[in-house]
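Hi,

Here is the structure I promised to pass on. Have a look at it first, and my notes on what turned up follow below.

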Amino acid sequence: ENTINQIAAGEVVERPRAVVKELIENSIDAKATAITVEIKEGGLSFIRITDNGTGIAKDDIPLAFMRHATSKIRTAEDLFDIKSLGFRGEALSSIAAVSQVELITKEPSSLNGYRYIIEGGEEKSLEEIGCPDGTTIIVRNLFFNTPARRKFLKSAKTEAGYINDLMEKLIMSHPGISFRFIVNNKLILQSSGNNNIKDVLYQIYGRDISKELLYVKHFAGDVKVSGFIGKPTISRGNRNFMNYFINGRYIKNYIITKAIEDAYKPYMMQHKYPFTSLYYEIDPSLLDVNVHPQKLELKLKNSDDVYEITCKIIKETLAGKELIPHIS
Ligand code: ADP
Ligand code: MG
């Protein structure tokens, strides 16, 4: 069972970023409104996620660390409802198989909480303790028992950078949650959780970029989208600044990328890419979700509509701004 978990773990947790992602998604599923993420050595020696969510009942704690244990999926149809982020029941078991995990959790209705220790998939202890409502998970010495996987990792600095990128996307996709991101005891990112996208973009990108942003909105019909696009002057040499979210989830989609690039084309030099932070609301029945663990890809059944609307709102917004077209 431990070997199976270690193999499965390789698929779910390929690097520290994946651990952070899975744990934050669990906190979000647990209705947390405040989440603190702390890492040391790029997440290799230490990851701690603290939330103020529902907590876990004593009897459910060991269960949560068993493979395919999930409290979130009842039928196959649920797989197509991406409103619930986690659905595989493999994250905690996979993480615990390849690290030393300490869980501290308390349900608001309970007088006391519990501390649970599991290392390399082996339960060490479960004891009653006093602690705040919610859940804290500490992951120490990731891949301590799978040195081969550890060798695939980049430097601590690079791994921390991956987690930083993830944090930015998660903060943008959940403006109603207050996040704190602490790297080697230093506060790096902080969001207020006041549900204001403009504030979130300011908190992540700072003043120089946020003052160059333009509001866009299209709320009629099946595809609803709103958010901010950058003036062409804040272009980048890669697509890192092209963000869009469908139903609260950061995703990649060829059609949306193409629509954004086509709309900006008159104003952009070759190999330059714009800033966007677009929030789509699309009926889940129009989405094709790939259920592979690390997949961000999503197919749209109404991609023509999405293309047209995306292009249109960007072109219309840029048109009124007396921007200088790029002459090639
Ligand atoms: P999944 O998220 O796919 O259900 P996980 O292995 O990620 O599977 O988590 C297993 C279970 O542990 C969850 O279904 C949930 O019941 C519980 N759980 C995990 N993290 C938290 C958390 N932060 N707060 C409350 N419950 C949690
Ligand atoms: Mg999960």
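Asn184 is partly exposed, because 13 other C-beta atoms lie within 10 Å of its own, and being buried would take 20 or more. Keep in mind that this is a predicted model. Asn184 sits in the loop between strand E7 (178–183) and E8, and its phi is positive, about 45 degrees, although it is not a glycine.

Asn195 is another one to look at. Its phi is positive too, at about 70 degrees, and again the residue is not a glycine. You'll find Asn195 in the loop between E8 and helix H7 (197–205). Is Asn195 buried or exposed? It is exposed, with 11 other C-beta atoms within 10 Å; the cut-off for that is 12 or fewer.

Now for the overall picture. The protein has 10 helices and 15 strands, and 34% of its 328 residues are buried. Among contacts with a separation of 6 or more, 68% are between residues 24 or more positions apart.

On to the sheets. Eight strands make an open sheet with mixed pairing, in the order E5-E4-E3-E6-E2-E1-E7-E8. Its edge strands are E5 (122–129) and E8 (186–190), each of which pairs on one side only. On average, neighbouring strands here are turned by 15 degrees against each other, ignoring direction. Helix H2 (residues 16–29) packs on this sheet, where it touches E1, E2 and strand E6 (134–140), and its direction makes about 10 degrees with that of E2. Within the sheet, E1 (residues 34–40) and E2 (residues 46–51) run antiparallel and are joined by six bridges; Glu38 has Arg48 in E2 as its bridge partner.

There is also an open sheet of five strands, ordered E9-E10-E13-E11-E12, with mixed pairing. Strands E9 (213–218) and E12 (249–250) are at its edges with a single partner strand each, so one side of each has no neighbour in the sheet. E10 (residues 223–230) and E13 (residues 276–282) run antiparallel, with seven bridges between them, and Ile229 stands opposite Thr276 in E13.

Last, helix H6 (residues 156–173). At 1.5 Å a residue, its 18 residues should span 26 Å, and this agrees with the 26 Å between its end C-alpha atoms. The buried residues of H6 include Ala160, Ile163, Met167 and Ile171, and also Glu159 and Glu168. As a reminder, an α-helix has 3.6 residues a turn, so residues three or four places apart point the same way.

Cheers

Technical notes. Residues are numbered from 1 along each chain as its sequence is written. Chains are lettered from A and ligands numbered from 1 in the order in which they are written. This is a predicted model: local features need pLDDT of at least 70, side-chain atom pairs count only at pLDDT 80 or more; totals for chains, interfaces and linings use all residues. Helices (H or I, at least four residues) and strands (E, at least two) are DSSP runs, numbered from the N terminus. The expected span of a helix is 1.5 Å times one less than its number of residues. Two strands pair if DSSP finds at least two bridges between them. Axes are lines fitted to C-alpha atoms, for helices over the stretch in contact, and angles run from 0 to 180 degrees between N-to-C directions. Two residues are in contact if their C-beta atoms, placed from the backbone, lie within 7 Å.
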